[in-house]
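Here is a short briefing on one structure.

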Amino acid sequence: MTRPSRVADGADPTAPPLSYAVVVPTLLRDTLADCLGALAAATGPPPDEIVLVDDRPVPHHGDLGHPLDVLGDLRARTTVVRSGGHGPAVARNAGLRGVRRADWVVFLDDDVQVGPHWCEQVVRDLAEAPP
């Protein structure tokens with residue numbers, strides 16, 4: 001991925017804001033709604049994109065309704081891609097290919113619940129990352 005053009009302290013005010021995407025591969029486990037709900041509730045700049053990768057061999061349309069609903073306003077930034085049940089590596093790569101405009105990509109497993117300040121911590125960490 002490309003290096004963002006802004007750092008946390010002493011940032012160039014004319015630089016574009018740091019952008020990041022979150023990719024979540026899933027087999028639609030029961031933990032997915034909690035994962036997405038925690039992401040939606042985290043403080044700080046939200047991800048510019050969320051790519052949810054359905055890695056079930058035979059997805060059933062409509063099954064993602066509740067997990068997507070918990071995203072609230074972030075639902076409009078969310079894309080669902082399918083990877084056909086080929087495992088986590090293929091699902092992560094499919095998610096990465098689904099990202100359209102972010103400088104950085106962060107991967108979350110569907111059983112992870114991020115902390116309440118996760119988004120602001122991610123942005124700070126990425127802004128401080130070396131090129």
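**An enclosed strand and its neighbours**

Seven of the seven residues of strand S1 are buried, so S1 is largely enclosed by the rest of the structure. Buried means under 20% relative accessible area, exposed over 50%, partly exposed in between (1.4 Å probe, protein chains only). Helices (H or I, at least four residues) and strands (E, at least two) are DSSP runs, numbered from the N terminus.

This is a predicted model: local features need pLDDT of at least 70, side-chain atom pairs count only at pLDDT 80 or more, and totals for chains, interfaces and linings use all residues. Residues are numbered from 1 along each chain as its sequence is written, and side-chain values use heavy atoms, without hydrogens or water.

**Strand S1**
- In a regular strand the side chains alternate between the two faces of the sheet.
- Tyr20, Val22, Val24 and Thr26 are buried on one side of S1, and Ala21, Val23 and Pro25 on the other.
- S1 runs parallel to strand S4 (residues 104-107), joined by four bridges; strands pair if DSSP finds at least two bridges between them.
- Val22 has Val106 as its bridge partner in S4.
- Six bridges pair S1 with S2, also in the parallel sense.
- Ala21 has Glu49 as its bridge partner in S2.

**Helix H1**
- Leu32, Ala33, Cys35, Leu36, Ala38 and Leu39 are buried in H1 (residues 32-41).
- These buried residues pack against S1 (20-26), S2 (49-54), H2 (65-69) and H4 (118-128), where contact means heavy atoms within 4.5 Å.

**Cysteines**
- Cys35 counts as buried, at 1% relative accessibility.
- Cys119 also counts as buried, at 1%.
- The whole structure has zero disulfides (cysteine sulfur pairs within 2.5 Å).
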